[in-house]
Amino acid sequence: MHPDTHALHAGHTPNTTPGPFMPGPQFSATYITPGDPSEHALLYGRFNNPTWTAWEKALADLEGGAALAFSSGMAAVTALFATVLRPGDTVVLPADCYYTTRQLIAGWFAEHGIKHRLVPTTTVPAKGAFDGARLVLAETPSNPELAIADIAAWAAEARAAGALLAVDNTTATVALQQPLALGATFSVASDTKMLTGHADLVLGHVATSSTEWFEKLLLWRKLGGAIPGPMEVWLAHRALGTVGVRLARQCDSAMAVATMLSGRRDVHNVLYPGLAAHPGHDAAARQMRRPGCVLSFDVGSKERATAFLGALTLVREATSFGGIHSTAERRARWGGDAVTDGFVRFSCGIEATEDLLADIQQALATAGA
Ligand SMILES: *Cc1c(COP(=O)(O)O)cnc(C)c1O
């Protein structure tokens, strides 16, 4: 089955079950459960919810493992770290991964005895690169520099080192890339971004190929309580149906924008895995269905980037990415990433490609040289 059809039908009620086409969100803090609790499937709103179950079934089908929803991408990342890492353990992280992930490990987890090593995402793991690690996290494409890690190569080296591999799949999403099939034990993602795509909710999930780790993650969520709201989960599941058509337009536009920008002399360092000149192009082509909707580039200076962002009419200046409306931001305004002052991260929405190209071209002209 084509992955777009798969995503559209994933987690939905089969034809043989009469009832609502897509049952609405179930809002229930508690359930009527007389007598022995073990006789009831639904007990309490922190333990189970049928709206989660349908969404998790969809994610599990797409990821090719078992999946658990969390209240945000960071709640999912935290669940992974808290479940796997113990004092004295070492985790290997990409030096260029999502800043909050690095902050979490270098701060809170370091204070609790977890050691970490940073390696660039572009590392082709040398023999021994992951020695001594309990967990290796890859992030591909990385945010915001869109570097590519070869997941199968990272998985092989992690296995050789006796480490578990997790992939932060946020930028690609499971609609474009399946880390578990490439040898990762965990696929973790913020579903706030492209997977749900409407900039109206915050959500995350962890998927795993291991039933043992799944049980541990489930216990963490039940005890730690980072559960998603049923409304967000229902909106996410509704949005999943259109991921194929959204992504087709978004990836087409990203390729067109990257190609157009690469030909300009007033824009430098255009980073998009779909470009043949991108250092991760071949690995991306092997492991991703499409190169995604996010690209980055440098317009020269903080002043020019500010003028450019201010002159765009269709593109909102906002953080995050992956939504149906195009967004862009000057990434250095946050600090934390090793990027230049003129570095812009750009997320293509579903506007007609020609309109997006025209808007970018007029904004670059307005921003001057
Ligand atoms: C946004 C993001 C996260 C965090 O997700 P939230 O839903 O904002 O908590 C984690 N990893 C990557 C790569 C991200 O882009």
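**View 1. Strands β5 and β6 side by side in the predicted model**. Strand β5, which covers residues 164-168, runs parallel to β6, and the two are joined by 3 bridges. Within this pair, Ala-166 is the residue that stands opposite Phe-186 of β6.

**View 2. The open sheet to which strands β5 and β6 belong**. The sheet is built from 7 strands with mixed pairing, and their order is β1-β7-β6-β5-β4-β2-β3. At its edges are β1 (66-70) and β3 (115-119), each of which pairs on one side only. On average, and with direction ignored, neighbouring strands of this sheet are turned by 20° against each other.

**View 3. Helices α2 and α3 against the strands**. Helix α2, formed by residues 50-63, packs on the sheet, where it touches β1, β6 and β7 (204-208), and its direction makes about 135° with that of β1. Helix α3 lies across β1, β2 (90-94), β4 (135-139), β5, β6 and β7, and it runs at about 150° to β6.

**View 4. The largest pocket and its lining**. This pocket holds about 400 Å³ of space, and 26 residues line it, with Tyr-98, Thr-100, Asn-143, Ser-190 and Lys-193 lying nearest its centre. Helices α3 (73-84) and α4 (99-111), together with strand β6 (186-190), each supply at least two residues of this lining. Sorted by class, the lining comprises 8 nonpolar, 12 polar and 6 charged residues.

**View 5. The largest pocket in relation to the two domains**. Because domain 1 (3-240) and domain 2 (244-367) both give residues to the lining of the largest pocket, this pocket lies between them.

How values were computed: Residues numbered from 1 in each chain as written. Predicted model: local features only at pLDDT ≥ 70, side-chain atom pairs only at ≥ 80, totals over all residues. Heavy atoms only, no water. 1 Å grid on protein atoms, 1.4 Å probe; cavity = no way out; pocket = protein on both sides within 12 Å on 5 of 7 lines; lining within 4 Å. Points joined across faces, edges and corners; volume = space filled by probe spheres on them. Helix = DSSP H or I, 4+ residues; strand = E, 2+ residues; numbered from the N terminus. Nonpolar A, V, L, I, M, F, W, Y, C, P; charged D, E, K, R; others polar. Domains from an automatic or database assignment. Pairing = 2+ DSSP bridges. Axes fitted to C-alpha atoms, helices over the stretch in contact; angles between N-to-C directions. Contact = heavy atoms within 4.5 Å.
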